[in-house]
Amino acid sequence: TKLNRRLALIMETSKVRIWTYDVKEHTFAWHNDNGQIACTYTKEEFAQRYSDDDFDRLKEALDRLISQHKDARGHEEEEIKLELKAKDVEGGDNELHDFIVVVSVLERDKSGKPSLIIGTKKDVTEHHRIKQREDERTLRYWSIFYSQDTAIFYFNKDGYIQDANLKA
């Protein structure tokens, strides 16, 4: 359908993957780009793609949604955002990557309790690498700038001195 094609385009463009957790069955299901279930996993199988600590954090987030935990303002938590390390098995990579995972309630049963949780997973590994390189460059710059051995002047685009270190 048209909606499925749009969903597939959004998922491909944003590099987001979707999975669901069936509360009653305790199973996880990966969804393909059309939103259809591609694979189903037990908790133990699904846990193998995450580091132990991070899967524990994911389970804790799921438990908070299922138990209808209240946030600091007394509102029921609707979604929880986590930064986790996981293998990108669907992408064919067994190395740990950095992911932003957002979990939220997708469906509720007749009594209003969560029955299906949806999770989205976005790989931010490259973003983290770029940020880390920028931080390292900035640190190097400042260590050179504040060096006692070299006089350094910093000029703006118009040629005026913007800053200078103590030696200068």
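The protein has four helices and eight strands. The model shown is predicted. Read from the N terminus, the order of elements is α-β-β-β-α-α-β-β-β-α-β-β.

**Overall figures**

- The protein has 168 residues, and 30% of them count as buried.
- Among contacts with a separation of 6 or more, 41% are between residues 24 or more positions apart.

**Aromatic rings**

- The whole structure contains 10 aromatic pairs.
- One of these pairs is formed by Trp-30 and Phe-46, with 6.1 Å centre to centre and 40° between the planes, and it is tilted.
- The pair ties together parts that are 16 residues apart in sequence, because Trp-30 lies in strand β2 (residues 27-31) and Phe-46 lies in helix α2 (residues 43-47).
- Trp-30 has a relative accessibility of 3%, so it counts as buried.
- Phe-46 is also buried, at a relative accessible area of 0%.
- Trp-30 and Phe-46 belong to a cluster linked by ring pairs, together with Trp-19, Tyr-21, Phe-28, Tyr-41, Tyr-50 and Phe-55.

**Charges over rings**

- Arg-49 places its charged end over the ring of Tyr-41, at 4.7 Å from the ring centre.
- Tyr-41 is itself one of the residues in the ring cluster.
- Lys-121 has its charged end over the ring of Phe-99, 4.4 Å from the centre of that ring.

**The largest nonpolar core**

- The largest nonpolar core holds 23 residues.
- Within this core, the residues that touch the most other members are Trp-19, Phe-46, Tyr-50, Leu-58, Leu-62, Val-103 and Ile-117.
- Two or more residues of the core come from each of β1 (16-22), β2, α2, α3 (52-66), β4 (79-88) and β5 (93-108).
- Helix α3 gives the most to the core, with five residues.
- Leaving aside residues up to four places away in sequence, Leu-62 touches Trp-19, Tyr-21, Phe-28, Val-103 and Ile-117.
- Of these contacts of Leu-62, Trp-19, Tyr-21 and Phe-28 are also members of the ring cluster.

Technical notes:
Residues numbered from 1 in each chain as written. Predicted model: local features only at pLDDT ≥ 70, side-chain atom pairs only at ≥ 80, totals over all residues. Heavy atoms only, no water. Phe/Tyr/Trp six-rings, centres within 6.5 Å; stacked < 30°, edge-to-face > 60°. Buried < 20%, exposed > 50% of the residue type's maximum accessible area, 1.4 Å probe, protein only. Lys NZ or Arg CZ within 6 Å of the ring centre and 35° of its normal. Core = buried A, V, L, I, M, F, W, Y, C linked by side-chain atoms within 4.5 Å. Contact = heavy atoms within 4.5 Å.
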